[in-house]
Amino acid sequence: MENLTIEETKYTPKITLDTKGIISLVGKSYPENTFEFYTPMMKWIEDYFENSPAKKTVINMEIIYFNSSSSKLFFDFFDMIEENADNNDIDINWIYDEENESAEEAGEDFIEDFEELNIKLVTK
Amino acid sequence: MLESHENKLISEIEDLQKDFVKITDKFVKEITRQDKIMSRSDKRQQKEYDELMALKIEIEETQKEIIFTMGAVGESRSKETGNHVKRVAEYSYILAKDYGLDLAECEMLKQASPMHDIGKIAIPDSILNKPARFTPEEFEVMKKHAQLGYDMLKHSQRPLLKTASIVAYEHHEKWDGTGYPNGLSRDEIHIYGRITALADVFDALGSDRVYKEAWDDEKIFKLFRDERGKHFDPKLIDIFFENLDEFLMIRDRLKDI
């Protein structure tokens, strides 16, 4: 399985998917077609857990601004992670700037909805 | 036999119930999630809107401050101006409003008109503050302030500064084409230029200057009537006389001390 990197654009985050067990999203998320944009990432993660998950997986999410369909997609994303949480060691860091109240609240929402996941709020 | 048939039906229904509960649970979860996403999103959008509006105000205020500061720079070069630019601003507003410009434009002209003489900062002190009539050569130098002011402001794409550049450029043009710097006539002269021309002259004539004393009102009114359709846009002269009381009140309220 190969690593996958999607470079940052004006409206989309940088996505780094590393078979060594690193999944990272950094930037803004205002894609024109959110679900289409994230399809390669979702597919990669599905394959990763199915075929060759690392001993430990670390997910770093640092999303500064995002639209509502991105927030829906992040719920789907965490659903997928949760399905694999029983058989894998997964740490999730939701990283945000202290002054970014929206990002903090989104992180709290995810923690509330995904009790089985180990989501940590990390301020920069 | 009958009993077991019943039992089977019950167990099937119970299975259905379980499935139904599972599915409805999933629906409830999805709907709850969707609601949360929507309300968070609304809240974020409102915040972003607030931020945008704050930025818009910040930009507008910055433009006003630039204009005001440049006006103050201009005034500091020349001792006699005093409240001149403030009065010209107020007069311009009345003329613009009754001419039929929309209120946002009137407000912009009011803020930009204090810049009409900004080009004078490039005129030597010896000419600018000369306590006597200019020689023809000195007058030629003095006249350059219109072009100079325009050159200072013309590069800006900001509406307020663009308005200021028009005012600086055209406030010495005359209705009949005998003004400067370009000898434009009638509506070749931008309405901002025509308005500021009248406001500027009315104020200049009614004020003491180093080279002259203030004219009395009757003399000013006579000149305005004579220059209707010559120096000044006739429609603006009519508006001036229709609103004379208001002009005199402004002059009194903002008089030089």
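Which strands of chain A does helix 3 lie across? Helix 3 covers residues 101-113 of chain A. It lies across strand 4 (56-66), strand 5 (89-96) and strand 6 of chain A. Against strand 5 of chain A, helix 3 runs at about 155 degrees. This is a predicted model.

**The sheet in chain A**

In chain A, 6 strands form an open sheet. Their order is 1-2-3-4-5-6, and the pairing is mixed. Strand 1 (4-6) and strand 6 (119-123) of chain A stand at the edges. Each has a single partner strand, so one side of each is left without a neighbour in the sheet. Neighbouring strands of this sheet are turned by 15 degrees against each other on average, direction ignored.

Strand 1 of chain A pairs with strand 2 (residues 14-18) of chain A. The sense is antiparallel, and the pairing runs over 3 bridges. A:Leu4 has A:Leu17, in strand 2 of chain A, as its bridge partner.

**A loop in chain B**

B:Arg186 has its place in the loop between helix 6 and helix 7 of chain B.

| Site | Backbone angle |
|---|---|
| B:Tyr180 and B:Pro181 | omega about 5 degrees |
| B:Arg186 | phi about 45 degrees |

The peptide bond that joins B:Tyr180 and B:Pro181 is cis. B:Arg186 is not a glycine, yet its phi is positive.

Terms used:
Residues numbered from 1 in each chain as written. Chains lettered and ligands numbered in written order. Predicted model: local features only at pLDDT ≥ 70, side-chain atom pairs only at ≥ 80, totals over all residues. Helix = DSSP H or I, 4+ residues; strand = E, 2+ residues; numbered from the N terminus. Pairing = 2+ DSSP bridges. Axes fitted to C-alpha atoms, helices over the stretch in contact; angles between N-to-C directions. Contact = placed C-beta atoms within 7 Å.
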